[in-house]
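User: I am new to this structure and would like a short tour. Could we look at it together?
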Amino acid sequence: MKWRTLILLVVLILIGGDLKADDAESQILNWRQLPDLPDSLGVAGAFSGVSSGALIVAGGANFPEPLFKDGKVNPLAKKVWSDRIYVLAGPDGQWRESGALPRPLAYGASVTTEEGLVCIGGSDAERHHPDVFMLAWADGKIERTTLPALPRPCANTAAALLGTTIYVASGQESPDAKEAMKIFWALDLSRDEPRWIELNPWPGPGRILPVAAVQDGSFFLFSGCELFTDDDGNVQRKYLTDGYRFSPGDGSAGAGRWKIIADVPTPVVAAPSPAVSAGQTHILVFGGDHGRYAARNLELADGHPGFSTDVLAYHTITDTWTKVGTLPAGHVTTAAVRWGQTIVVPSGEIRPGTRSPKVFSGTFGQVRSGFGRADYTTWGIYLAVILGIGFYFSRREKGTDDFFFGGRRVCWWAAGISIFGTQLSAITFMAMPAKVYATDWVYILAQATIIMVAPIVVFFYLPFFRRLNIATAYEYLEMRFNVALRLLGGIAFCLMQLGRMGIVLFLPAVALATVTDFNVYTCILVMGIFCTIYTVMGGIEAVIWTDVIQVFVLMGGALLCVVVIALKVEGGLAGIVDLGREADKFKAMNLTWDYTAAAVWVVVLGNLFSNLVPYSADQTVIQRYLTTPTEKQAARAIWTNAALTVPAALIFFFLGTALYAFYKTRPENLNPTLDTDAILPWFVVRELPIGVAGVVLAAIFAAAMSSLDSSMNSMATVLVTDFYYRFKPNSADRTRLMLARIITVALGAFGTGCALLMATYPIKSLWDLFLALLGLLGGGLAGLFVLGIFTRRANSAGAIIGVICSTATLYCVQRFTDVHFFLYGGIGITTCASVGYLASLLIPSSKSHPANLTMHTLPGHEQ
């Protein structure tokens with residue numbers, strides 16, 4: 001009975017996250033009213049968009065005499081088209097009239113580009129038009145530029161901009177047309193002489209007044225009205241709820257395919273179009289005509305309740321719809337315009353025959369979850385344990401051998417877990433499940449290649465690092481070649497780690513601050529300061545043993561998330577698998593020879609080389625090889641890391657599929673403004689019970705700190721050994737230990753400072769560029785070890801030429817080709833090794849030291 005009660009309590013705790021999730025705000029946008037349009041009646045079908053920071057509303061139509069009077073159709077009512085152009089320079093400014101359209105025009109499509117507002121097609125009182133032109137706000141006036149006309153006249157259409165291509169779908173060729181057009185046109189604005197091309201249309205009926213949108217690299221088409229003729233010859237409308245997604249394929253306007261997607265919950269005919277993208281995976285549709293009163297328009301007259309005010313969100317990953325808010329008023333036949341950080345719905349029709357001059361502006365609100373006392377308690381306990389480890393090992397740090405190598409007394413299984421933890425950053429912890437959640441299991445084979453790399457490292461690389469009695473990997477480069485290559489290796493390693501340190505702190509901190517009430521600066525400072533303290537005090541032993549704890553916390557957090565999801569998804573684990581199969585989430589291979597895609601050969605071959613880089617040329621990993629008592633135990637550590645990779649990959653990949661299954665069944669729990677990479681922290685803070693969430697968020701902190709502490713200690717090792725001690729061999733060990741600790745503090749401050757700078761100033765793109773350039777060195781660095789270990793005739797001059805050519809080749813590949821990034825490591829290594837070897841043959845006089853330093857001559861015992 002006691003066991004049953006305990007199990008029941010555990011289950012209640014695990015599903016208790018719903019108590020937190022239910023407090024999510026349903027209103028995603030905070031609305032306010034901007035100045036009314038100068039036309040007191042308002043307009044429907046106007047062209048609306050942004051140019052040079054100004055909001056433009058042009059053309060449109062209304063009824064100067066009301067359509068209904070005294071509950072009946074007003075015989076004096078007549079729709080009037082407008083040619084006036086109104087401009088609002090800022091949200092707090094006033095509208096001003098600026099010029100006119102070439103003719104009164106309305107009911108076309110509006111698309112905002114970087115150059116201005118593109119107006120497509122439309123109608124006047126007599127006919128529909130094919131005209132396309134751009135309106136740009138410059139020097140206080142409107143400038144109009146003519147663009148290629150549509151192949152046919154078209155009104156009541158929808159359009160959106162994807163990249164540099166405008167897509168136009170559906171419409172009506174003439175006012176009395178009895179069928180809607182089923183056309184799909186594209187205009188690539190990046191061409192010197194752009195022209196419209198006709199593409200294959202969607203697999204559904206033609207329509208008028210649909211909603212277009214772009215998101216996640218695709219064009220979307222929702223709802224609309226199909227036209228048909230009844231038995232009396234009258235044109236009638238059928239309100240549609242279908243949806244379609246067009247993916248351009250290779251990125252060109254003339255290629256691509258359509259896919260049928262989930263129906264809209266209710267028709268959204270003539271809703272503001274193009275609809276607005278939110279975050280990386282949501283589309284927001286504002287209101288629309290659901291058609292429930294269409295047959296009663298004459299009966300209801302001025303008593304018509306108006307159009308829908310619901311804000312619906314479509315999620316491109318789970319293919320689901322949900323309501324996320326309410327509009328202040330339901331406006332149709334208008335546009336939804338992104339104006340800076342706001343969404344504007346200008347004027348429009350509020351019920352049949354009635355327009356409104358009101359202009360509404362919505363701002364995205366941030367939905368966050370507060371931390372409870374239990375969460376802070378578990379988080380604090382974790383940090384205290386980490387500091388305690390640093391204090392414990394500080395008593396054993398008597399010299400540099402202790403600080404850098406733990407006195408070579410670390411047990412093999414701890415070293416192996418530490419290798420695994422070092423390679424698993426917080427970015428990976430969040431990004432791996434997020435990638436699977438958004439796509440499939442194609443990347444799973446990348447993890448399997450670590451098992452393939454392990455025997456190569458154990459049998460060919462490890463003997464050199466252990467038997468030559470070296471302190472850093474780059475010390476071998478001096479023995480085999482010369483001191484210049486040793487220094488080059490050390491500098492390249494340190495630069496790559498310096499570039500990485502700020503990112504591994506900044507990105508997790510941003511993710512946590514986005515979904516919780518944490519301050520991003522607090523997150524960065526806590527991770528940076530705590531990590532620096534225990535690394536300075538305890539050296540590599542503290543780093544390794546905190547890595548061990550952090551790996552257990554990481555894996556435990558991931559498993560806990562899977563368990564919680566299994567309890568909340570109907571059918572449990574089997575239900576998750578079924579939903580994953582339906583969406584082809586378990587697809588693990590792309591059988592193609594395309595080198596630009598994640599084909600199975602690209603994933604396997606590319607990651608085989610890419611994983612060879614850290615395991616053969618990265619001091620943060622190699623240093624673990626040197627902490628065990630013997631070479632045999634170091635080999636066990638490498639096998640331990642490889643063995644951990646498979647179950648860990650399965651857990652993280654299945655967690656990604658589980659997150660998909662959870663949000664497929666509960667799309668209302670998603671945050672439309674959130675980046676996909678933050679889906680795991682969002683799930684943790686919204687769905688896990690109080691207290692438990694603190695443990696899993698501690699796991700994210702753990703992953704960040706396990707990467708940072710390794711970088712700090714290994715860089716201190718390289719800087720002291722390869723630079724200071726190399727040129728001051730008579731320096732005291734006590735002095736070198738003090739220098740190592742000072743350097744560790746400085747590096748911790750540098751990494752934390754860089755993360756704080758990225759959080760304060762918009763320099764992340766520059767930092768990404770810096771990292772991309774540094775990434776060019778990794779393959780060449782690993783290529784140096786291939787040259788040194790596997791060849792007798794490679795020499796220093798050839799090795800230097802190989803590194804230069806490798807870096808230049810990788811730069812050209814990244815800059816001028818579409819080769820998949822998985823292949824970069826292989827290209828860098830093979831270029832360095834092959835060019836370096838050939839150059840060595842052509843320059844045989846260069847000094848080389850192959851004796852006992854190649855696989856052919858290495859002594860058969862550990863020195």
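This is a predicted model: local features need pLDDT of at least 70, side-chain atom pairs count only at pLDDT 80 or more; totals for chains, interfaces and linings use all residues.

User: Let us start with the helix α12. Which residues of α12 are buried?
Analyst: Helix α12 covers residues 572-582, and its buried residues are Gly572, Gly575, Ile576, Leu579 and Gly580. Seen down the helix axis, these buried residues fall within an arc of 135°, so they line one face of α12.

User: And what covers the buried residues of α12?
Analyst: The cover includes α11, residues 520-568, and α15, residues 631-665.

User: What follows α12?
Analyst: Aspartate 584 follows α12, and its phi is positive, near 60°.

User: Changing topic: how do strands β12 and β13 pair?
Analyst: They pair in the antiparallel sense over 7 bridges, with β12 spanning residues 132-138 and β13 spanning residues 141-147. Valine 132 has leucine 147 in β13 as its bridge partner.

User: How many residues lie between the strands of that hairpin?
Analyst: There are 2 residues between the strands of the β12 and β13 hairpin, where aspartate 139 takes a positive phi near 55°.

User: Now the surface. Which residues make the nonpolar patch?
Analyst: Phe459, Phe460, Trp639 and Met855 make a nonpolar surface patch of about 400 Å².

User: Where is tryptophan 639 found?
Analyst: Tryptophan 639 is found in helix α15, and α15 is also among the elements that cover the buried residues of α12.

User: Why is tryptophan 639 classed as partly exposed?
Analyst: Its relative accessible area is 37%, and partly exposed applies between the 20% limit for buried and the 50% limit for exposed.

Methods: Residues are numbered from 1 along each chain as its sequence is written. Side-chain values use heavy atoms; hydrogens and water are left out. Buried means under 20% relative accessible area, exposed over 50%, partly exposed in between (1.4 Å probe, protein chains only). Helices (H or I, at least four residues) and strands (E, at least two) are DSSP runs, numbered from the N terminus. The arc is that of the directions from the helix axis to the C-beta atoms. Contact means heavy atoms within 4.5 Å. Two strands pair if DSSP finds at least two bridges between them. Patches are made of residues with over 30% relative accessible area and no salt bridge: like charges are joined within 9 Å, nonpolar side chains (Val, Leu, Ile, Met, Phe, Trp, Tyr) within 5 Å. Accessible areas come from the Shrake-Rupley method with a 1.4 Å probe; for residues, only the protein chains shown count as cover. A salt bridge is a side-chain nitrogen of Lys or Arg within 4 Å of a carboxyl oxygen of Asp or Glu.
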